[in-house]
Amino acid sequence: PREAGRRPPARGRVAGGEAAGAVTVRLAGGFRWNARLSVKRARVETLLAEAGAAGGLAGALAGTASFEGTGGAETVRGRGEATVEDCRAENARLLAVVAAALQVPELARADFAECRVEFTQRGTRVTTPVLTLRGEAVRLSGKGTVDLSTSVLDYQMTLGLSPRLHAKL
């Protein structure tokens, strides 16, 4: 097929880190596209602020993702993985709800040694078979889905607390 928009890999800076990617667009026989992206050392809090999103995590993001489709969001298929070093919760709604429910305020401001996610995307549905936030005081792990068109979450999570935090319950 004729490739109308093949570009050499692009490199740049994003949120204080490095980004690289490539996009291919094919027009013969119908519109098709695919994209690959990698990011290293990008500041999560800067990315969230630039996207106009509420806080949640801070730290240095590294990850890769690939996507393809034939049109709008409903045709997107993708997968990827990411880790955040020096991961800290900042105004994360989920952790704030858990902290309030358990009456352990430290949960709302947790520091994590590891934050990791793997995802697949089909249309507006993003599935995360691996979601891990691990720190000395708090460990969260689970899996689930989010629908990007409705913001509906469906997650199964396991919460582990250090003996010090568990004693506060």
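## Disulfide, salt bridges and strand pairing in a predicted model

Cys-87 and Cys-115 are joined in a disulfide, with their sulfur atoms 1.9 Å apart, the term being used here for a pair of cysteine sulfur atoms within 2.5 Å. Because Cys-87 belongs to strand β5 (residues 77-89) and Cys-115 to strand β7 (residues 114-122), the pair ties together parts that are 28 residues apart in sequence. The structure holds 1 disulfide, and the link of Cys-87 and Cys-115 is left-handed, with -90° about the S-S bond.

This is a predicted model, in which local features need pLDDT of at least 70 and side-chain atom pairs count only at pLDDT 80 or more, while totals for chains, interfaces and linings use all residues. Residues are numbered from 1 along each chain as its sequence is written, and side-chain values use heavy atoms, with hydrogens and water left out. Strands (E, at least two residues) and helices (H or I, at least four) are DSSP runs, numbered from the N terminus.

When its neighbours within four places in sequence are left aside, Glu-114 is in contact (heavy atoms within 4.5 Å) with Thr-132, Leu-133 and Arg-134. Glu-114 and Gly-135 are 21 residues apart in sequence, and their C-alpha atoms are 6.8 Å apart in space.

The structure holds 4 salt bridges, a salt bridge being a side-chain nitrogen of Lys or Arg within 4 Å of a carboxyl oxygen of Asp or Glu. Among them are the pairs in the table.

| Salt bridge | N to O distance |
|---|---|
| Glu-18 and Arg-41 | 2.3 Å |
| Glu-45 and Arg-43 | 3.0 Å |
| Arg-116 and Glu-118 | 2.4 Å |

Glu-18 is partly exposed at 33% relative accessibility, and Arg-41 is partly exposed at 48%. For the pair of Glu-45 and Arg-43, the relative accessible area of Glu-45 is 27%, which counts as partly exposed, and Arg-43 is partly exposed at 26%.

Strand pairing is taken up next, two strands being paired if DSSP finds at least two bridges between them. Strand β9 (residues 138-147) and β10 run antiparallel and are joined by 10 bridges, and the bridge partner of Gly-144 in β10 is Tyr-155. The hairpin of β9 and β10 has 4 residues between the strands, and in this hairpin Ser-151 takes a positive phi near 65°.

Met-157 lies in strand β10 (residues 152-161) and counts as partly exposed at 29% relative accessibility. Not counting residues up to four places away in sequence, Met-157 touches Leu-131, Leu-140, Ser-141, Gly-142 and Lys-143. Between Met-157 and Glu-81, which are 76 residues apart along the chain, the C-alpha atoms are separated by 19 Å.

Definitions and conventions:
Buried < 20%, exposed > 50% of the residue type's maximum accessible area, 1.4 Å probe, protein only.
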